Amino acid sequence: MIESFGVHTFRLFNDRGQSKFVKFHWRPLLGMQSTTWEEAVKIAGADPDFHRRNLFEAIESGNHPQWDLGVQVFDEALAVKLPYDVLDATKLIPEEVVPLQVIGRMTLNRNPDNSFAETEQVAFLPSNVVPGIDFSNDPLLQGCLFSYGAKALLDKAGVVPDEGVTGLDTAFVKAAARRFWASEPQVRNPA
């Protein structure tokens with residue numbers, strides 16, 4: 001299984017206008033697994049769809065892969081004290097400095113009924129955020145916000161910007177925000 005994390009630093013904020021930096025992480029429940037370079041070359045040469053098919057078959061057989069969603073939440077005071085820029089996409093914040101807090105779990109419990117409509121047409125844009133999450137001054141994030149939207153419109157016919165996020169549970173994000181401020185997050189006004 002693959003561990004994943006976002007290179008961008010976002011902000012969590014509440015209805016009082018308070019915000020904290022946040023970095024998102026996905027941790028596989030099965031643990032980390034990988035192949036050696038030699039194994040990967042053999043697999044790719046013999047069966048380039050191996051990983052896609054392996055995932056599809058695991059889900060079909062009821063072996064649903066799961067990942068924990070964790071966050072590192074910290075304020076600007078800590079960010080200033082660190083010996084590196086937390087908005088630098090090449091830097092990781094050690095978990096000894098900012099512990100990872102698990103706030104949810106993702107389970108892949110079904111395969112797409114219509115692969116084109118459910119996966120191929122998805123536009124993963126960093127501008128698609130749910131209430132309670134906003135953008136930081138992360139330079140790479142700012143560049144992606146500017147360029148990805150235009151590219152998605154060119155690549156994905158029918159994508160309409162600013163119609164909101166589909167498939168994300170805003171109640172989940174609100175519950176996570178309550179853990180950090182004991183209040184409902186403020187809804188970001190995209191206008």
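Is Glu 3 buried, partly exposed or exposed? In this predicted model, Glu 3 counts as partly exposed, because its relative accessibility is 33%.

**Salt bridges**

Let's stay with Glu 3 for a moment. Its side chain meets that of Arg 27 in a salt bridge. Arg 27 lies in strand β3 and Glu 3 in the segment before β1 (4-5), so the pair ties together parts that are 24 residues apart in sequence. Arg 27 is partly exposed too, at 25% relative accessible area. The model's count comes to nine salt bridges, including these:

| Salt bridge | N to O distance |
|---|---|
| Arg 27 and Glu 3 | 3.1 Å |
| Arg 53 and Asp 47 | 2.5 Å |
| Arg 52 and Asp 49 | 2.9 Å |

Arg 53 is partly exposed at 36%. Arg 52 counts as exposed, because its relative accessibility of 62% is over 50%.

**Aromatic pairs**

There are three aromatic pairs. One of them is Phe 21 with Phe 74, a tilted pair with 5.5 Å centre to centre and 35° between the planes. Phe 21 belongs to strand β3 (residues 19-28) and Phe 74 to strand β4 (residues 66-74), so this pair ties together parts 53 residues apart in sequence. Both Phe 21 and Phe 74 are buried. Phe 10, Phe 24 and Phe 135 form one aromatic cluster.

**Asn 111**

Now for a loop residue: Asn 111 sits between β5 (101-107) and α4 (115-120). Asn 111 counts as buried, because its relative accessibility is 10%. Its side chain makes a polar contact of 3.0 Å with that of Glu 60. Leaving aside neighbours within four places in sequence, Asn 111 is in contact with Phe 56, Ile 59 and Glu 60.

Conventions
Residues numbered from 1 in each chain as written. Predicted model: local features only at pLDDT ≥ 70, side-chain atom pairs only at ≥ 80, totals over all residues. Heavy atoms only, no water. Helix = DSSP H or I, 4+ residues; strand = E, 2+ residues; numbered from the N terminus. Buried < 20%, exposed > 50% of the residue type's maximum accessible area, 1.4 Å probe, protein only. Polar contact = N/O pair within 3.5 Å; in protein donor to acceptor, adjacent residues only side chain to side chain. Contact = heavy atoms within 4.5 Å. Phe/Tyr/Trp six-rings, centres within 6.5 Å; stacked < 30°, edge-to-face > 60°. Salt bridge = Lys/Arg side-chain N within 4 Å of Asp/Glu carboxyl O.
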